[in-house]
Amino acid sequence: MAEVEDDIVAAGAEIIWVLERDNRNQPGTVDLCTSTMDTLGSEDQGWCVGDEQTLPQSGAFDDSPLSIARGFDIIVSRESMEILWESNHGTPIGNDNLDGEQVLAAVREAVANL
């Protein structure tokens, strides 16, 4: 995602990074989230949420039908708060595992349809 974040923002979207746990299954922190964004090449275009230091508390997204123990991407309309698009990624079989360009295309389509 980081490789196209400027394009995503230019298309009219904002990125929210949710980092609940690190690779050792320890609770996420603000420092860990920003460090992860840096490692992924992010230019600090997004916001970090979902860790032990911000709300919603870590694990809040796990109850979502979008999650099911994996990561997910969603596009939400700011005006209606309706989920316009979603995909999932991670280790379970059957995930979409889209790359940044595919997510960017979804953002552009969602913004165009608003």
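Strands here are DSSP runs of E that are at least two residues long, numbered from the N terminus. By that reading, V76 sits in strand β3. Keep in mind as you look around that this is a predicted model.

- Strand β3 covers residues 71–76, and it pairs with β4 in the antiparallel sense over six bridges.
- Strand β4 itself runs over residues 83–89, and I83 belongs to it.
- Across the pairing, I74 stands opposite E86 in β4.
- Six residues lie between the two strands of this hairpin, and among the hairpin residues M81 takes a positive phi near 60 degrees.
- The C-alpha atoms of V76 and S87 are separated by 12 Å, with the two residues eleven apart along the chain.

- I75 is a β3 residue, and it counts as buried because its relative accessibility is 12%, where the cut-off for buried is under 20%.
- V76, also placed in β3, is partly exposed because its relative accessible area is 33%.

**The salt bridge**

- How many salt bridges does a search of the whole structure find? The search finds one.
- The partners are E14 and R78, whose closest N and O atoms are 2.6 Å apart.
- E14 lies in the loop between α1 and β1, while R78 lies in the loop between β3 and β4, so the pair ties together parts that are 64 residues apart in sequence.

**The nonpolar patch**

- I74, V76, M81 and I83 make a nonpolar surface patch of about 350 Å².
- I83, in strand β4, counts as partly exposed because its relative accessibility is 42%.
- M81 lies in the loop between β3 and β4, and it is exposed because its relative accessible area is 60%.
- V76 contributes to the patch from its place in strand β3.

**The negative patch**

- Which residues form the negative surface patch? They are E3, D6, D7, D38, E43, D44, D99 and E101.
- One of them, D6, is found in helix α1, which spans residues 5–10.
- D6 counts as partly exposed because its relative accessibility is 36%.

**Positive phi away from glycine**

- M81 is not a glycine, yet it has a positive phi of about 60 degrees.
- N97 is not a glycine either, and its positive phi is about 50 degrees.
- N97 is placed in the loop between β4 and α3, and it counts as partly exposed because its relative accessibility is 44%.

How values were computed. Residues are numbered from 1 along each chain as its sequence is written. This is a predicted model: local features need pLDDT of at least 70, side-chain atom pairs count only at pLDDT 80 or more; totals for chains, interfaces and linings use all residues. Side-chain values use heavy atoms; hydrogens and water are left out. Patches are made of residues with over 30% relative accessible area and no salt bridge: like charges are joined within 9 Å, nonpolar side chains (Val, Leu, Ile, Met, Phe, Trp, Tyr) within 5 Å. Accessible areas come from the Shrake-Rupley method with a 1.4 Å probe; for residues, only the protein chains shown count as cover. A salt bridge is a side-chain nitrogen of Lys or Arg within 4 Å of a carboxyl oxygen of Asp or Glu. Helices (H or I, at least four residues) and strands (E, at least two) are DSSP runs, numbered from the N terminus. Buried means under 20% relative accessible area, exposed over 50%, partly exposed in between (1.4 Å probe, protein chains only). Lys and Arg count as positive and Asp and Glu as negative; His and the chain ends are not counted. The place of a charge is taken as NZ of Lys, CZ of Arg, CG of Asp or CD of Glu. Two strands pair if DSSP finds at least two bridges between them.
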